Amino acid sequence: MTVERPLRLHSRITPSAITALRTASGDREIREAALEQFGDGLVAEFAALQPRLEAFLDDWGSEEAGDEDEGDESPKRGLPDKRRKKLLDGTTWQRDEQLVAAAEALRELFSDELFTDHNHFRAEVQKGLKLQGLKLSAPDLKLLLRETSWREEAAPAVIAKAHKPGKMAPDSLHGLFEAEISGKACVVEYEPDVDLRDSEQIPLLEEGGIEAFIRREVLPFTPDAWINAEATKVGYEVSFTRHFYKPKPLRSLAEIAADIRAIEQEAEGLLDGLLVGAN
């Protein structure tokens, strides 16, 4: 079974985060090199620059070092088609520029403010984007939030979903926690932290079942943990090595000693041959 713990983040719009967003579409090293060579033209004049960008990508990653003794050169090794196609898609450069513009606008609003509650930060980002007349898709908003946040153990848990009062009964063991939002009591689900995710193997006939095991072995040490019921699997684990592997019988000491004596005799014979040849 899988045991989850909530994601806890601090957030801030920093210059380094904005720089990271310039290459948010992937292949960061290549995009950084392309931006250094072509600059803002990759967004404003992509169609005109595309032939030069294609030539730039053709040369990227080529290997000229071969066997120096024979003077051979290694063949050029180009980018995989999927990565190349994405780099030659002008919309990816526009998307990254849109993320940068949004982050810069938010930095003007927030300056260097540190948000110790990511839930508050997320709400303020959405308000700020609306105030600036900027729109981001859900995946792009998620990416912006990720690039401007980092894990912090003491921070409040990040809320993934809130249920209206009375619509869902609290059950912290299965990820439904009581909380208060805007002064109203509700039930929330937290965003799991993949770095803290753990798994437990529990005997099928465990006394009290899964819940008793979690209450006894997990919650005393991580009280904010919960069971991911969808990831729970019931079955048997069969160790093929333990049950089916048949090791070869070990050789006896007498056989090993005989091999050693034979090698010693062979070595002595080779040495004698060398001495006779020298004379």
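This briefing describes selected helices, loops and residues of one protein model.

The model is predicted, and local features are reported where pLDDT is at least 70, side-chain atom pairs count only at pLDDT 80 or more, and totals for chains, interfaces and linings use all residues. Residues are numbered from 1 along each chain as its sequence is written, and side-chain values use heavy atoms, with hydrogens and water left out. Helices (H or I, at least four residues) and strands (E, at least two) are DSSP runs, numbered from the N terminus.

**Helix α7**

- Helix α7 covers residues 118-131, which is 14 residues.
- From first C-alpha to last, α7 reaches 19 Å, close to the expected 20 Å at 1.5 Å a residue; the expected span is 1.5 Å times one less than the number of residues.
- At the start of α7, a side-chain oxygen of Asp117 comes to within 2.9 Å of the backbone nitrogen of Asn119.
- Buried residues have under 20% relative accessible area, exposed residues over 50%, and partly exposed residues lie in between (1.4 Å probe, protein chains only).
- In α7 the buried residues are His118, Asn119, Phe121, Val125, Gly128 and Leu129.
- These buried residues pack against strands β2 (9-11), β3 (149-151) and β4 (159-163), and against helices α6 (90-110) and α8 (138-147).
- After α7 comes Gly133, which has a positive phi near 70 degrees.

- Two packed helices are described by the angle between their axes and the distance between the axes.
- Axes are lines fitted to C-alpha atoms, for helices over the stretch in contact, and angles run from 0 to 180 degrees between N-to-C directions.
- The axes of α2 (residues 28-38) and α6 come within 13 Å and cross at roughly 85 degrees.
- Helix α2 is therefore roughly perpendicular to α6; angles under 35 degrees count as roughly parallel, over 145 as roughly antiparallel, 65 to 115 as roughly perpendicular and the rest as oblique.
- Contact means heavy atoms within 4.5 Å, and here Arg31, Ala34 and Leu35 of α2 meet Thr92, Trp93 and Asp96 of α6.
- By class, the contact of α2 with α6 has three nonpolar, one polar and two charged residues.
- In this classification, Ala, Val, Leu, Ile, Met, Phe, Trp, Tyr, Cys and Pro count as nonpolar, Asp, Glu, Lys and Arg as charged, and the others, Gly among them, as polar.

**Buried serines and their polar contacts**

- A polar contact is a pair of N or O atoms within 3.5 Å; within protein, one must be able to donate a hydrogen and the other to accept it, and residues adjacent in sequence count only if both atoms are side-chain atoms.
- Ser149 is placed in strand β3 and counts as buried because its relative accessible area is 14%.
- The side chains of Ser149 and Ser11 are joined by a polar contact of 2.7 Å.
- The side chain of Ser149 also reaches the backbone oxygen of Leu145 at 2.7 Å.
- Not counting residues up to four places away in sequence, Ser149 touches Leu9, His10, Ser11, His118 and Phe121.
- Ser25 is in the loop between α1 (15-21) and α2, and it is buried because its relative accessible area is 6%.
- A polar atom of the Ser25 side chain lies 3.4 Å from the backbone oxygen of Thr92.
- Leaving aside neighbours within four places in sequence, the contacts of Ser25 are Arg31, Lys86, Thr92, Arg95 and Asp96.

**Serines with positive phi**

- Most residues other than glycine have a negative phi.
- Ser111, which is not a glycine, has a positive phi of about 55 degrees.
- Ser111 lies in the loop between α6 and α7 and is partly exposed, at 42% relative accessibility.
- Ser182 also has a positive phi, near 55 degrees.
- Ser182 is in the loop between β5 (177-181) and β6 (184-190), and its 74% relative accessibility makes it exposed.

**Two further loop residues**

- Ala225 belongs to the loop between α9 (209-217) and β8 (226-228) and is buried, at 3% relative accessibility.
- Beyond neighbours within four places in sequence, Ala225 is in contact with Val3, Glu4, Arg5, Ser172, Phe177, Val218 and Leu219.
- Glu113 is in the loop between α6 and α7 and is partly exposed, with a relative accessible area of 39%.
- Leaving aside neighbours within four places in sequence, Glu113 is in contact with Ser11 and Arg12.
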